[in-house]
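Colleague: I'm new to this one and would like to learn how to read it. Could you show me the model and walk me through it?

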Amino acid sequence: ELKAGKYTVSNSLKIEKRITIKGLGKTQIIYSGAKGSPLFEMNPKGNLMLENVELIGTGSQFAFASLEKNMSSLYNLKVSNSIISEFNFVLKGYKESFSDEITFLSTSFKNCNNGIELSQETNDKGDYNVEFLTFDNCSFENISRNVIDYYRGGYDESTIGGNLIVRNSTFTNCGGGEENGILLNTRGIINVEISKNTFKNNR
C-alpha cells in the first residue's frame, strides 16, 4: 500500500511473483528510467495487480512490457481505477510471451505514442500473446498508434483462441499516427465483444 504522494522510480521494477500495489490517495509513480525500458518488467510467473495509482513516464518508455525472450511461463496483469500517461507504449508484449489474463478496469490512458501492442506473433502459425484481454469503463485520449492491437496470425486450428472485450469505454483523438488506418485491430481473434463505447474525433 502506498500513501498519497509522488514516488520516483529510476529503474525497471521486476515482477516475477504475485504482488498488489494499491494507492491510498492521490498516488503517483513517476518513471525516469531509460528510453525503451518498462516501468514494470513482466517476468515469467509475474502476477501484478495495480489499484488507484497514476503512472507517469517521460514519453520514451513503456509502462508494462514482457521480456523480449526467455518467457518460459505466463504472466498476468490487472489494472483498476488508475491513470497511465506520457509513455511510448502502455503495454508491449514481445514475441513468445503469453498471458492468461490482461484486464484494465476504470482506467485512463492519456498522451501515449502507443497503447496496447500484442501483435508480435507475426509468423502466421496461429500464435497470439494473451488468452483474455478486457477493457471495461476505460478512456483512451491522444493515443497515436496501436490503440488496441491484438493479433493472432494464421489459421492453425490447434491454436484457436483469443478473447477480447471492449465495453463502456471512450476513445477520443486516437489513431492519428496509425499507418494501417485501424483503430482497434482484432485480426484473427476468435471472440470479440465491442459494445457500449463512445468514439470521438478518431482519425
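Modeller: Let's begin with one idea: two residues are in contact when heavy atoms of theirs lie within 4.5 Å. Keep in mind that this is a predicted model.

Colleague: Is Phe62 buried or exposed?

Modeller: Buried means under 20% relative accessible area. Phe62 has 6% relative accessibility, so it counts as buried.

Colleague: And what stands opposite Phe62 in strand 11?

Modeller: That's Phe89. Strand 8 (residues 62–66) and strand 11 (residues 89–92) run parallel, with three bridges joining them. Strand 11 also runs parallel to strand 13, again through three bridges.

Colleague: What lies over the face of Phe89?

Modeller: Lys92 does, at 4.4 Å from the ring centre.

Colleague: Let's move on to rings. How many aromatic pairs does a search of the whole structure find?

Modeller: It finds 10 aromatic pairs. One of them is Phe104 with Phe135, which is stacked: the centres are 5.4 Å apart, with 10° between the planes. Phe104 belongs to strand 12 (residues 99–105) and Phe135 to strand 14 (residues 130–136), so this pair links distant parts of the chain, 31 residues apart. Phe104 and Phe135 are both buried.

Colleague: What about Phe109 and Phe140: how does that pair look?

Modeller: Phe109 and Phe140 are stacked, at 4.6 Å centre to centre and 25° between the planes. Planes under 30 degrees apart count as stacked, so 25° qualifies. Phe109 sits in strand 13 (residues 108–118) and Phe140 in strand 15 (residues 139–150), so the pair ties together parts that are 31 residues apart in sequence. Phe109 and Phe140 are buried as well.

Colleague: Which residues do ring pairs link into a cluster?

Modeller: The cluster holds Phe104, Phe109, Phe135, Phe140, Phe171 and Phe199.

Colleague: Let's zoom out. How many helices and strands does the chain have?

Modeller: Zero helices and 20 strands. Of the 203 residues, 50% count as buried. Among contacts with a separation of 6 or more, 81% come from residues 24 or more positions apart.

Colleague: And how does the radius of gyration agree with a compact globule?

Modeller: For 203 residues, a compact globule would have a radius of gyration near 17 Å; the chain has 16 Å, which agrees. Along its principal axes, the C-alpha trace spans about 50 × 40 × 25 Å.

Conventions: Residues are numbered from 1 along each chain as its sequence is written. This is a predicted model: local features need pLDDT of at least 70, side-chain atom pairs count only at pLDDT 80 or more; totals for chains, interfaces and linings use all residues. Side-chain values use heavy atoms; hydrogens and water are left out. Rings of Phe, Tyr and Trp (its six-membered ring) pair if their centres lie within 6.5 Å; planes under 30 degrees apart count as stacked, over 60 as edge-to-face and the rest as tilted. Helices (H or I, at least four residues) and strands (E, at least two) are DSSP runs, numbered from the N terminus. Buried means under 20% relative accessible area, exposed over 50%, partly exposed in between (1.4 Å probe, protein chains only). A charge sits over a ring if NZ of Lys or CZ of Arg is within 6 Å of the ring centre and within 35 degrees of the ring normal. Two strands pair if DSSP finds at least two bridges between them. The radius of gyration is taken over C-alpha atoms; the globule rule is 2.2 Å times the number of residues to the power 0.38.
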